[in-house]
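Reader: Before we go through the assignments, please set each value against the criterion behind it.

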Amino acid sequence: MIRRHLWTRIYSRVNGQTMIRTIRHMTLWAALAASLAAFVYSAGALYGIHHDNDLIRQLTSGKDVAVNKVISGEPELRLARAFYFQQKHRYDEALSTLSLIMDKGDRKFQAKARYNLGNLYLEQAVQQAKTMNINEALPLAGLAKQAYRQALALDSGNWDAKYNLEVAMRLLPEMDRVDMPDDEPNNQKSQLWTTVPGFPRGLP
Amino acid sequence: MRIVLILVLSLLGCSGSIDEPVSYFNVETPRPFGYVIGDEIPQRIVIETRSGISLQPGSLPAKGQINRWLNLNQVTVKQSGRRYQIDLRYQVFYAPLAVKSLTLPGFTVQFSQGEKSIGQSVPAWTFTLSPLRELVARQTEQGEYMRPDSPPSLLANTQTLYGLAASLSVAALIAAYLSYLYGCFPDRLRRTLFKQALRKLAGLSKSDMEQALTLVHRVLNSLNGQPLFHNRLSQFYRRNPQYLQVSSRLDWFFNYSNRYFFSDGMIVVTQDLQQLKDLCEQCRKIERGSQ
């Protein structure tokens with residue numbers, strides 16, 4: 001009852017025009033505050049991106065950064081750290097870093113992470129094949145192929161992945177050959193050797 | 001005559017085009033050569049059927065691995081009336097040593113007409129695949145040549161920059177409007193006084209002389225900051241010396257206004273209104289700074 005009485009008094013004092021003006025001013029002030037808040041937020045985000053990009057540049061140029069800076073950041077930072085480990089041939093650390101970001105980011109990012117993972121396996125497979133550690137090289141080449149295929153399924157325009165998949169396929173040829181009717185029939189012999197890893201060193 | 005009739009009837013029976021369940025069938029594929037490992041090959045199948053016949057989606061090849069070297073990445077079926085457009089996207093993962101001919105397997109698309117089932121076979125499609133590497137690949141110090149790791153890309157800041165610019169401009173606009181509402185631009189307002197007066201004067205005729213004179217008085221008052229009378233013109237000129245060049249016209253205005261409001265039998269002619277407009281034109285030029 002008292003409240004109603006109060007409102008009636010206020011309405012009687014303030015005419016419609018003043019009300020509209022007050023509402024307009026309040027709305028404008030609120031909009032100003034909101035846009036300033038958005039500005040401060042964007043500025044903070046921009047600073048964060050700048051800082052992260054500095055870290056990525058540092059890692060790419062071959063300098064390590066503290067792990068806690070990477071953990072809290074974007075998945076690109078982890079990819080950069082895995083890249084750094086790969087350059088230094090620290091394969092286990094690179095693998096554990098990469099495995100954390102496999103499902104993060106957009107398609108392009110995922111394709112890139114899988115391509116780098118494939119490279120990680122293929123490098124090791126090539127090294128093992130070079131020292132004739134066939135049992136080690138086989139599963140690594142298989143994993144590399146799998147990673148490249150996934151990368152190409154995500155981004156079929158990745159030429160580096162195509163090339164390296166072919167490297168991996170030559171290292172470990174597929175079990176079942178595709179025989180077209182017009183193919184030469186003398187590939188019966190070569191089928192025996194299809195799973196032995198190694199590259200052709202010269203023409204016969 | 002009877003022979004001709006029998007012949008025509010038998011020909012009609014042979015044609016059978018009316019009863020065919022599939023009235024149009026076409027497989028569209030791109031070039032059959034020049035593919036490399038990892039390439040995607042699109043295949044479009046366009047089928048038009050008779051009414052009452054519907055496609056059985058289960059008869060299309062399933063998405064996923066078809067064989068060791070071929071994947072089906074995407075299957076899309078678009079139906080518009082009796083026309084079906086089936087888009088298949090294959091991806092090939094074969095590493096040939098030389099240019100090799102491969103085949104996309106054929107399949108049969110099933111249609112149902114009531115309880116009856118009709119099949120339309122899509123033929124196999126042969127294409128050639130080329131290798132990317134030479135047979136005896138080059139070697140590097142590490143061994144086999146392979147493409148290097150892909151360096152991480154820098155984080156994009158374009159969107160944040162747009163956000164920053166947008167929020168800043170919105171804030172600036174609101175701030176400018178608020179300061180205008182709170183009267184922070186008196187100079188700007190004073191510079192458009194005669195512009196507004198001219199606009200209003202344009203709509204007045206000689207019968208509205210009272211209104212026109214009041215308008216010019218009001219404008220001069222606003223410019224002066226307080227009511228301006230004939231005897232205070234010298235003070236006005238001291239504050240706004242640029243208006244000295246129209247002093248004679250201003251004198252005429254005050255005299256005319258005095259006569260109009262305080263003496264009887266004043267006859268207004270069109271020339272008076274024109275003179276008033278000329279005064280405002282001159283003052284507009286002064287306020288704009290062009291004179």
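Reader: What makes Arg199(B) and Ala202(B) of α4(B) count as exposed?

Author: A residue is exposed if 12 or fewer other C-beta atoms, placed from the backbone, lie within 10 Å of its own, buried at 20 or more, and partly exposed in between; Arg199(B) and Ala202(B) are exposed by that criterion, whereas Phe194(B), Ala197(B) and Leu201(B) are the buried residues of this helix, residues 193-202 of chain B. The model is predicted, with local features requiring pLDDT of at least 70 and side-chain atom pairs 80 or more, while totals for chains, interfaces and linings use all residues. Residues are numbered from 1 along each chain as its sequence is written, and chains are lettered from A and ligands numbered from 1 in the order in which they are written.

Reader: Why is α4(A) called roughly parallel to α6(A)?

Author: The axes of α4 (residues 75-87) and α6 (residues 107-130) of chain A come within 11 Å and cross at roughly 20°. Angles under 35 degrees count as roughly parallel, over 145 as roughly antiparallel, 65 to 115 as roughly perpendicular and the rest as oblique, so α4(A) is roughly parallel to α6(A).

Methods:
Axes fitted to C-alpha atoms, helices over the stretch in contact; angles between N-to-C directions. Helix = DSSP H or I, 4+ residues; strand = E, 2+ residues; numbered from the N terminus.
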